[in-house]
Amino acid sequence: RRMKYIIPSDVPLPPVVLDIAPGRDTPIKKEYVYPVAPQGQSSSSSSSSSSSSSTLAPEDIDDAIEGAKADDVMEDKKPNQKRPAGKEKKGKRNKRIEVPRSSVLCINIAKGKGCSFGDKCRNLHDVYVYMASKPPDLGPTCYIFETYGQCPYGITCRFGSNHIKDGHSIVLPTATPIGQGDTFGAVNFLDRDLKVKLQKRAVKFPRSDAIIKVIQEHNQRKNQLNNMSKADREKLASAPSTSTPTPAPAPTTSSSTPTPSDQSVSASAPIPTPESIPDPSSLTPSTSSTSSSSSSSSSSSSSSHPSSSSQPDYVDTPLRTREKRPVDWAGKVYLAPLTTVGNLPFRRICKGFGVDITCGEMALSVNLLQGQPSEWALLRRHASEDLFGVQICGAYPDVMSQCGELLSDSGLSFDFVDINSGCPIDLVCDKGAGSALLERPRRVEGILRGLSTVVDQPVTIKLRTGYTDKVQTAHNIIPKLKEWGASGVTLHGRSKQQRYTKSANWEYIKQCAEVSPLPLIGNGDVYNWRDAVAAYEGGSKVSGVMVARGALIKPWLFTEIKQQRDWDISSRERLDIVRDFAHFGLEHWGSDDRGVQNTREFLLNWLSFAYRYVPLGLLECLPSRMNDRPPRFFGRDDLETLLASGNVADWVKITEMFLGPVPDGFHFTPKHKSNSYEAQG
């Protein structure tokens, strides 16, 4: 089902004022601003509507979408502060309402099928016992059944009043297919046999092992030359040669590999430097017999510089990058990979508003190689995502190459692979991944060379301007990316240290686009269509625009960019978007107990960003900007006021409109700021 939203053309909008500096107070009309309470008193409506930054600093919550995993809830503690001995960690994570497996009905029985596990199944098989203990339905009608004529969750559906009859779930004769395996158009599921092999470490990675061996030998040779003085390099260059190096054919046997003497440097050769070492993607390592002879000859050498026999042996048979289908990035609008909130239902919402490129949430390469189902779920793709990529994060070339080979050979559907080199979260950077790669260009080179060799799809990389505010490094890395094997680059106009405390540096993004041999997509603070147009102005060579927080606050931003007009969206239309997310969530996570719980939690996390939207009709002038800070305001109707509330209890109330009442003991805190809010139901 394709959502269609039409922007009315006859709605009067505020005047446009472009010369106002960012970071101002949002210019809201006085009649919509709550009066400031006298000192020592609080406004009576503070619990019902608040959009003030004093309640929740947006720069604090925005870090979460850059890479904090679902379990990595930030705590309010000083760096290096240790927990007192004997004191347990005070957890404020969202506690799930768990039930014993013996009380959970087997999904095959729920669908009216037989269970292949028989008596070994740990779930409940007695339908009548389950129906007797099943809590009341959360709503009178099942969206899935009304849309498709059948519900794959059978009698476990929490909205099953209209399709559960006499302990069985009915299927209408006019039922619509819901995808192979009841997937509702989603693909990229982890195969059960592959999961077992990964968990047993029984999967081999021959292509990755080959290219990593080449890269390691290449780096070793480069390090040897780096540690040599200029005099030693001159001495090596002038060393007599007994024979002229001859290109060798493909190594079919050990005899086809040149001997160590063949690798010596001729007297007429230029002085070797680290930069003169051949590209590892055009070389292959020698066979084991050569390495043994090389080690024996090196043992007899006592010179201070590496001898010719101790240098890595190469033959001219290349490990060429695999053929890749090119991706057209020009003029495209790209939805950034957003941790937790950039899930499949939210991406479907954005596709309905016209986004061109979507990407899955950041997946950790180590977890993918271990076969963790929760990590593989981040790679899901919906049928509506016509240009889709997967983003992986890791610190080492060997792990990233193995992950790329695994994704390429496992039959997943994606159009490109993106490397996360921009995540600012300390938990990721401390392990050498994310923005920490900006400090290690050689490791970035190894990751790109390895991935581009083993995968069939184009490889892109997402960078920040640098690791610290004072030193910008992206302009030094970007010119080399094409040589290293990348097909595109995204640049976020902030440093790792800066986070979101300042505006994105678009001037620097445009400067980097000038020196980039690849299509460069700019990212940072795109909140209205004028921001997107400005990225291409002034002779800019920026190829496309990436939208992150702007899409979370106003998903219809993609429509505004495409039509280059402002949309004063009504509160009813905004609520319809929330409804669509709830429906897509029930399709994706399920309409049973667990699925409803997942849908509610992800919807609440999205609402923790969406409430920051200030309706255009309330502004004194346009445009509104990402870093503007609005005063407390109320909307043009009660629903608009509710949607602008920063109170978690109001967010829960919104979810109850579509997902029914929350269970007793329900607790939710936003994952990006665990100590800011608490809501219980």
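Buried means under 20% relative accessible area, exposed over 50%, and partly exposed in between. That scale is used at several stops of this tour, which goes through a predicted model.

**Overview**

Begin with the whole protein chain displayed as a cartoon. Its secondary structure comes to 24 helices and 17 strands. Of the 681 residues in the chain, 54% are buried. Among contacts with a separation of 6 or more, 75% are between residues 24 or more positions apart.

**Stop 1: two loop residues with positive phi**

Select Q564, in the loop between α20 (557–563) and α21. Its phi is positive, about 50 degrees, although Q564 is not a glycine. Is this residue buried, exposed or partly exposed? Its relative accessibility is 47%, so Q564 counts as partly exposed, because the range between 20% and 50% carries that label.

Next, select R201, in the loop between α5 (192–199) and α6 (206–226). R201 is also a residue other than glycine with a positive phi, here near 55 degrees. With a relative accessible area of 75%, R201 is exposed; the cut-off for that class is over 50%.

**Stop 2: a cis peptide bond**

Move to P623, which lies in the loop between α22 and α23 (638–643). Display the backbone from L622 to P623: the peptide bond there is cis, with omega near 0 degrees.

**Stop 3: helices α9 and α21**

Two packed helices are described by the angle between their axes and the distance between the axes. Select helix α9 (residues 344–352) together with α21; their axes come within 8 Å and cross at roughly 135 degrees. That angle makes α9 oblique to α21. The crossing of these two helices is right-handed.

To see the contact itself, show side chains on both helices. From α9, the contact is made by L344, P345, F346, R348 and I349. From α21, the residues are I577, D580, F581, F584, G585, E587, H588 and W589. Sorted by class, the contact of α9 with α21 has 8 nonpolar, 2 polar and 3 charged residues.

**Stop 4: helices α12 and α14**

Now select helix α12 (residues 397–409) and helix α14 (residues 441–454). Their axes are 8 Å apart, and the helices pack at an angle of about 20 degrees. This makes α12 roughly parallel to α14, because angles under 35 degrees count as such. The crossing in which α12 passes α14 is right-handed.

On the α12 side, P397, M400, S401, G404, E405 and S408 make the contact. The α14 side supplies R443, G446, I447, G450, L451 and V454. The class count for the contact of α12 with α14 is 5 nonpolar, 5 polar and 2 charged residues.

**Stop 5: aromatic pairs**

Colour the rings of Phe, Tyr and Trp, and pair those whose centres lie within 6.5 Å. By this rule the count comes to 11 aromatic pairs.

Centre the view on Y334 and F416. How are their rings arranged? The centres are 6.1 Å apart and the planes stand at 85 degrees, so the pair is edge-to-face. This pair links distant parts of the chain: Y334 is in strand β6 (residues 333–335) and F416 in strand β11 (residues 416–421), 82 residues apart. Y334, at 2% relative accessibility, counts as buried, and F416, at 0%, is likewise classed as buried.

F581, already selected in the contact of α21 with α9, forms an aromatic pair with W606. Here the arrangement is tilted, with 5.3 Å from centre to centre and 35 degrees between the planes. F581 belongs to helix α21 (residues 571–589) and W606 to helix α22 (residues 593–610), so that the pair links distant parts of the chain, 25 residues apart. Both F581 and W606 are buried.

Finish the aromatic stop by selecting Y32, Y34 and F634, which ring pairs link into a cluster.

**Stop 6: H667**

Last, select H667, in strand β16 (residues 667–668). H667 has a relative accessible area of 14% and is therefore buried.

Conventions:
Residues are numbered from 1 along each chain as its sequence is written. This is a predicted model: local features need pLDDT of at least 70, side-chain atom pairs count only at pLDDT 80 or more; totals for chains, interfaces and linings use all residues. Side-chain values use heavy atoms; hydrogens and water are left out. Axes are lines fitted to C-alpha atoms, for helices over the stretch in contact, and angles run from 0 to 180 degrees between N-to-C directions. Helices (H or I, at least four residues) and strands (E, at least two) are DSSP runs, numbered from the N terminus. Angles under 35 degrees count as roughly parallel, over 145 as roughly antiparallel, 65 to 115 as roughly perpendicular and the rest as oblique. A crossing is left-handed if the near helix is turned anticlockwise from the far one by less than a right angle, and right-handed if clockwise. Contact means heavy atoms within 4.5 Å. Ala, Val, Leu, Ile, Met, Phe, Trp, Tyr, Cys and Pro count as nonpolar, Asp, Glu, Lys and Arg as charged, and the others, Gly among them, as polar. Rings of Phe, Tyr and Trp (its six-membered ring) pair if their centres lie within 6.5 Å; planes under 30 degrees apart count as stacked, over 60 as edge-to-face and the rest as tilted. Buried means under 20% relative accessible area, exposed over 50%, partly exposed in between (1.4 Å probe, protein chains only).
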